[in-house]
Amino acid sequence: MDNHLPEAFRMKMRLLLGEEEYQAYLASFGQERYYGLRSNPLKLAAEELLELAPYRLAPVPWCPTGYYYEESARPGKHPYYHAGMYYIQEPSAMIPAELLDVQPGDRVLDLCAAPGGKTTQLAGKLQGQGWLVANDNSLDRVKALTKNVELAGIRNAMVTHETPDRLAARWPEAFNKILVDAPCSGEGMFRKDEDMIRQWEKHSVAVCMGMQAEILRDAAAMLAPGGRLVYSTCTFSPEENESMIAEFLRQHTGFRVVPAPAAHGFVPGRPDWAAQTRGADTPDEAEEQTAGAVRLWPHRIKGEGHFAVVLEKDATPVASEPEPVRLESKPAKGRKGSAPARTTAPDLTPWEQFVKDNLTQPLPGTPVMFGERLYLAAAGSPPVAELKIYRPGWYAGELKRGRFEPSHALAMGLSRGDARRVLALPQDSSRVIRYLKGETLEVAEAELECSGGVSSKGYVLVCVDRFPLGWGKWNQGMLKNEYPAGWRWV
Ligand SMILES: C[S@@+](CC[C@H](N)C(=O)[O-])C[C@H]1O[C@@H](n2cnc3c(N)ncnc32)[C@H](O)[C@@H]1O
């Protein structure tokens, strides 16, 4: 497969790595690929997943919730996947969110978030406290991102479909942790995905550099003083990595690199490559700092190629910081923004009644209506006016003609104890797959666990073991299937 590598790429890599390491890198194309998944702390502890998983899992050294699995395990074809108990993620891709060091209560922005691998990882670290904005400028990818946010049962995330400059104009210094997992030329994924090789010329290094510099500039403006920003790519080119960061540091004097430990076979960033790219013999001060970045190489670790660097903003604002006032710029292309359609206070009685009849406790968040849709926005989350908001918070359901219909996202964000009617199916029950296929199930009344003196008739939280899969509606021995069509098992 290394024969498929573009000649220009081969020449550059040989020059950068030197003959011996270049040959080791090329040899990695003939070696096995590694498959990874990350357990979802919003659903279960990693140790519990180890006990439950019907296949072998081995720890990813740099991520406490990350595991390698063997290709034959096919974890995407298991009901636990549909319960959001883990996210399938390339092992190296787990490092940027680890370096961001998110703590419960943080205000987090994932600026280039789709399809949401790192968003789900960051939300797991928040443990439902604080809030997270997941943004992407591609509408198709925002849809995939939203599905993953919902599958993971995240309650405190807002999903936006915006350009970074428009977010920066409205949310200056609003976040204390920001992840920029930048669009890049994808050289680190050549072994995993041949398509990336084909696209390499199209997403040339030069095109990516322009995007990355703009995204970084806007991210810097959204970071609060004392905040932390992680910039990551899945490419090797110094132009998109060390040189990008060195130029950022020259223009943003209030930032510095926080050195990341070069453990687990990671290697430090290469200031000399940045200098070489600039045509200089020795690195300047900004380039020297990039030695604190980490590079992940497929010939050195069990994972694909990545670059990540941690940046910290001074605790006291710097007067020379560029001001991000570019309100005139256009919103991201695609669907029209989901601005709140209603300004008068909506009648939430059907929702309140639903909570009383079906749930054991009130849910956190401030009710927000977008048209007929009700969301629960995390306390303190940033204002949404004039922005293209795909989800202002946890999507609870629809208020239609005086009735409330719960969403699938609501079910996924609940735990078994939150629902008054529960049907808990063991993972090896054929009814689990039949439920996931959208079939109506025969369910005896005695199989339902009802609490709070409710009758058996009504909304049932269907679980695999103790983990919610979705809603059903029980009446006279039959469970009407409420599993959404677009999510079904095929
Ligand atoms: C490397 S991918 C992100 C992967 C994601 N963080 C994950 O872990 O699943 C880069 C993303 O950046 C998005 N993107 C490209 N240009 C962007 C921009 N100007 N603003 C925001 N997102 C952008 C792309 O649509 C793509 O989804």
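Good morning. Strand 17, which covers residues 394-400, pairs with strand 18 in the antiparallel sense over four bridges. Two strands count as paired if DSSP finds at least two bridges between them. Helices and strands are themselves DSSP runs, numbered from the N terminus: a helix is H or I over at least four residues, and a strand is E over at least two. Within this pair, leucine 399 stands opposite phenylalanine 404 of strand 18.

A word on the source. This is a predicted model, in which local features need pLDDT of at least 70 and side-chain atom pairs count only at pLDDT 80 or more, while totals for chains, interfaces and linings use all residues. Residues are numbered from 1 along each chain as its sequence is written.

Let me place that pair in its sheet. Strands of a sheet pair through backbone hydrogen bonds, either parallel or antiparallel. Here, four strands form an open sheet in the order 14-15-17-18, with antiparallel pairing. Strand 14 (366-370) and strand 18 (403-406) are the edge strands, and each pairs on one side only. From one strand to the next, the twist averages 35 degrees. Angles run from 0 to 180 degrees between N-to-C directions, and axes are lines fitted to C-alpha atoms, for helices over the stretch in contact. Helix 13 (residues 349-358) lies across strand 15 (373-377), strand 17 and strand 18, and runs at about 55 degrees to strand 18.

Strand 2 runs antiparallel to strand 3 (residues 66-69), and three bridges join them. Proline 59 stands opposite tyrosine 67 in strand 3.

Next, the helices. Two packed helices are described by the angle between their axes and the distance between the axes. At what angle do helix 9 and helix 10 pack? Helix 9 (residues 205-222) and helix 10 (residues 242-251) pack at about 40 degrees, with their axes 11 Å apart. They are therefore oblique to each other; under 35 degrees counts as roughly parallel, over 145 as roughly antiparallel, 65 to 115 as roughly perpendicular, and the rest as oblique. In this contact, Met209, Gln212, Ala213 and Leu216 of helix 9 meet Met244, Glu247 and Phe248 of helix 10. Residues are in contact if their C-beta atoms, placed from the backbone, lie within 7 Å. By class, the contact of helix 9 with helix 10 has five nonpolar, one polar and one charged residues. Ala, Val, Leu, Ile, Met, Phe, Trp, Tyr, Cys and Pro count as nonpolar, Asp, Glu, Lys and Arg as charged, and the others, Gly among them, as polar.

Helix 10 also packs with helix 11 (residues 271-278), at an angle of about 80 degrees and with axes 8 Å apart. Helix 10 and helix 11 are therefore roughly perpendicular to each other. Glu242, Ser243 and Ala246 in helix 10 meet Pro271, Trp273, Ala274, Thr277 and Arg278 in helix 11. The residues of this contact divide into four nonpolar, two polar and two charged.

Two loops deserve mention. Alanine 114 and proline 115 are joined by a cis peptide bond, with omega about 5 degrees. Proline 115 has its place in the loop between strand 5 (107-110) and helix 5 (117-126). Histidine 264 has a positive phi of about 60 degrees, although it is not a glycine. Histidine 264 is found in the loop between strand 10 (255-258) and strand 11 (267-268).

Finally, the whole chain. The protein chain has 15 helices and 24 strands.

Definitions and conventions. Two residues are in contact if their C-beta atoms, placed from the backbone, lie within 7 Å.
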